[in-house]
Amino acid sequence: MKLILPLAIGVLFGAGTYLVLQKNILKLVLGLGLIGHGANVILISSGWIGTGKVPILGNEETTPFVDPIPQALILTAIVIGFAALAFLLVLSLRVYRDLKTSNIEEIRGQRG
Amino acid sequence: MSQHLILPILVPLGTAILLLLLRFIPLARLVVIAIAAVSILGVNISLLSSIYKQGIQTYQLGGWPAPFGIVLVGDLLSGIMMVLGSIIALCALFYSFGYLKEEGQQAIFHPLFFFLWTGTNGTFLTGDIFNLFVMFEIMLMSIYSLLTLLGDKKQIEAGLKLISMGLLSSAIFLAAVGGIYALTGTLNMADLAIKIKPHADHPLVSAVAMLFIGVFGLKAAMIPLHFWLPDVHSSAPTPISAMLSGILIKVGIYAIIRVFCLIFVDLQATFQTFFLTLACITMFMGALGAVAQTDLKRLLAYSSVSQIGYILMGVGFFTVAGMGAALFYIISHGIIKASLFLAAGILKKMRSTTEMSEHGDMIQHSRMFTIFFFIGVISLGGIPPSSGFFMKFQLLKAGLDGAFYIPVVVAFTVSLITLFYLFQSWQKICLSKQKDLPQTLPSFKLLAPVGVLAILSLALGLAASPISELTQAASQQLFSPELYIKAVMGSM
Amino acid sequence: MNSLIFKSITKLVSPILMLFSVYLLLRGHQLPGGGFIAGLMTSAGLVLIYLAYGAERFDWRNRNRFFYYLFSGGLALSFLTGLAGLFMGGYFLKSGFAHVHMPLINEDWEFASAAIFDIGVYLVVCGVCVSLMTLLGEEE
């Protein structure tokens, strides 16, 4: 279990970065989503306690618990990320309809 | 404990929801907006005055005591920022009625605008690092939608940049929160300040501080994280440009001040050179970028980058005088820049472009516009008796007192460049000859907010001493974090 | 999508999804569940119907106003719950609960004000998700 979390973080960030660097706008969206989930896993690992049980009311005897706060935090973060991603998805659909392309390089119309 | 502190969040939030429900009844929306906007400004001013009289105030959301629940904390810094935000928002709101012609656009614009207002007020009030993230996201989400509301191609492209930036920065924010939570086991900022003290030399603390600088620097658009700002600020609908440049980039600066004057107090000396170097580069590169622009809104956007450098410099001194000067700078620059952006919006309405070569002869078409624009130019350029002179003077004086000679020299040079590009743009737009006649003349609805903000910036120059007393008091409070900690944790 | 298998499965599955989402919503106070998850589940059921039957049974696009009022109403409900906490408990979002004796089944049930907040969240999520899906699924 000790290996799984860091591995998950690494894979999520790595895959996310790879996708963000692609030219397709949909891959950008997916990549940003993966990076967001990588950050969520970092957050959940900050409350990690060895073989802790699920922190649900009613089984107080089975100590130790994992820290419930990071889990509450990532729930919030997931909801926020979900909303932002949905918006980004709608926006990229709009870009596709307006410009008839999903290539990021062709969208770039403004001067730096 | 007073209920006063929750009102700056509750009133805009309730208004936004009410506006959503009243979508198809325009007249009722108008009444609600008018009452709510004025009352938010009133609430914020009375809050600032009560903080000034009675010291830092706290409020426990849901009645949960300090380190466990989310607290709202009102100190002088947040009070000042909220009042500034409300003034700019009120003007932008009034302006939006003249700017957005279609009823349908207004029906979406106004609820989102109040959500944005909720987010900014919440950011300034919250005393919890994760709640800061949530409030940031409320703010950003409203900006995303407000930016792309009109569906212009440029806006959608800028929106794509802004959202990608926002998603990335929230990922970094979460990583930073995870790091700091793993170390201390708390999220309350006052509690963090206590618990991080023994770990001050831990490398994780500096790493987290650096992540926070990255996140907030991205929001404040300090170089090299400024890349999104010119596109976003120049293509946004004008009332939103004014909000963005007037108050929202200052939110990033606010967060930097908050974490470095409360949580990472011991790292101030370590990061000082870093801040000052970044500030100098930001100032200089922003001004150079502005000189090269031919579009007024882009010029103003680059100028915002440059001015953020000034504010960052004041923060980077980490002295009471420097911080006070930076706060004065935030107020003064917010008002001036909002006024200038709103003025640029008038030009956009007149000839449907903000390209400077397309404009001219404004002095023939509208005397008032020329005067208001001129006030903005001399204020940002730093010519007395405008508030711009005092903001720069205080900053440079604080720098000289602290013996930071190189930043002061850079700041002085850059202020000359600022004066140059602003005067040039004014001359092009107001004095130079232009044969084509404009489509429309500026209406009262659009000119009034510009005028109010311009006159306010002049008044700020004339009444500089009471305001700078206030900012100095706020700065004093920031450099005695034990006051903040006691106010939050004392009720345990 | 015009597949008989998909349509029949949808007929079978979507009522179960809806019922399960209500179960999740109601147990959310003490156990895993709650408004957000339940809302997602309900909208998953609705989206399933949308995918299987399209506009055949239900004219989604002309019901946009209904979903609009669904999420603004949900937002208002949650907000009002918070306000009720402010006026009755002294703090914004202060939650309260009461034990009510149920006459027929002879049990004490706990009613928490947080549940009303959750119902608001549920409505918001349903409204937003469904209007999002119909918006994204619109043909060009």
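This is a predicted model: local features need pLDDT of at least 70, side-chain atom pairs count only at pLDDT 80 or more; totals for chains, interfaces and linings use all residues.
Local features need pLDDT of at least 70 and side-chain atom pairs count only at pLDDT 80 or more, while totals for chains, interfaces and linings use all residues. Residues are numbered from 1 along each chain as its sequence is written, and chains are lettered from A in the order in which they are written.

Start with the largest nonpolar core. A nonpolar core is a set of buried Ala, Val, Leu, Ile, Met, Phe, Trp, Tyr and Cys residues joined through C-beta atoms within 7 Å. Buried means 20 or more other C-beta atoms within 10 Å of a residue's own, exposed means 12 or fewer, and partly exposed lies in between; C-beta atoms are placed from the backbone. This core has 253 residues. Among those that touch the most other members are I80(B), I253(B) and L312(B). Helix 13 (residues 320-351) of chain B gives the most to the core, with 19 residues. Helices are DSSP runs (H or I, at least four residues), numbered from the N terminus.

Next, the contact between chains C and A. Two residues are in contact if their C-beta atoms, placed from the backbone, lie within 7 Å. Each chain brings seven residues. On the side of chain C, helix 4 (residues 113-137) gives the most, with three residues.

Now the backbone. The peptide bond from I223(B) to P224(B) is cis, with omega near 10°. P224(B) sits in the loop between helix 8 (203-220) and helix 9 (229-235) of chain B. K100(A) is not a glycine, yet its phi is positive, about 60°. K100(A) counts as exposed because it has 8 C-beta neighbours inside 10 Å.

Technical notes
Helices (H or I, at least four residues) and strands (E, at least two) are DSSP runs, numbered from the N terminus.
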